[in-house]
Amino acid sequence: MLWSKTKAPPSQIPDHITRRVQSLSLPDLVMWSDQAIMTSGRYLTLWQRTQDPENLAEAVIGAQVLLAIVDEITRRTDA
């Protein structure tokens, strides 16, 4: 898998993403989640057309961002 060589697996959210998510307000998190979903979809579509591994890596980053956002929203609403 591509990310095993250069990036953390999708289940492991990079620290810089976690820090950024923790610093944002709830409306900003929701807006960023929309962007993450669109970004992942766009890069998956590009990967389907080109089979370029860089497109797949970008889709993984979008998925990591979305997971971090959902985790942060869950943490805030449970507190």
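**A close look at one helix**

The accessible surface of the protein amounts to about 5,400 Å², and carbon and sulfur atoms contribute 58% of it; such areas come from the Shrake-Rupley method with a 1.4 Å probe, and for residues only the protein chains shown count as cover. The model is a predicted one, in which local features require pLDDT of at least 70 and side-chain atom pairs count only at pLDDT 80 or more, whereas totals for chains, interfaces and linings use all residues. Residues are numbered from 1 along each chain as its sequence is written, and side-chain values rest on heavy atoms, with hydrogens and water left out.

The protein has 4 helices and 0 strands, so defined as DSSP runs numbered from the N terminus (helices: H or I, at least four residues; strands: E, at least two). In order from the N terminus, the elements read α-α-α-α. Of the 79 residues, 23% are buried, a term for a relative accessible area under 20%, with exposed meaning over 50% and partly exposed in between (1.4 Å probe, protein chains only). Contacts here are heavy atoms within 4.5 Å; of those with a separation of 6 or more, 71% join residues 24 or more positions apart.

The part in question is helix α4, residues 53-78. Its 26 residues should span 38 Å at 1.5 Å a residue, and the 37 Å between its end C-alpha atoms agrees with this; the expected span is 1.5 Å times one less than the number of residues. At the start of α4, the backbone nitrogen of E54 has a side-chain oxygen of D52 within 3.0 Å. Buried positions in α4 include N55, A57, G62, V65, A68 and I69.

Q64 is also in α4 and is buried, at 3% relative accessibility. A polar atom of the Q64 side chain lies 3.4 Å from the backbone oxygen of Q12, a polar contact (a pair of N or O atoms within 3.5 Å; within protein, one must be able to donate a hydrogen and the other to accept it, and residues adjacent in sequence count only if both atoms are side-chain atoms).

I73, likewise in α4, is partly exposed at 23% relative accessibility. Leaving aside residues up to four places away in sequence, I73 touches L26 and L29. The C-alpha atoms of I73 and L26 are 7.4 Å apart, although 47 residues separate the two in sequence.

The structure holds 2 salt bridges, each a side-chain nitrogen of Lys or Arg within 4 Å of a carboxyl oxygen of Asp or Glu. One pairs E72 with R75, with the closest N and O atoms 2.5 Å apart. The other pairs E72 with R76, at a closest N to O distance of 2.9 Å. Through shared partners, E72, R75 and R76 form one network.

The spacing along the helix bears on both pairs. E72 and R75 are 3 residues apart in α4, about one helical turn, while E72 and R76 are 4 residues apart, again about one turn. An α-helix has 3.6 residues a turn, so residues three or four places apart point the same way. As for burial, E72 is buried at 5% relative accessibility, whereas R75 is partly exposed at 47% and R76 is partly exposed at 28%.
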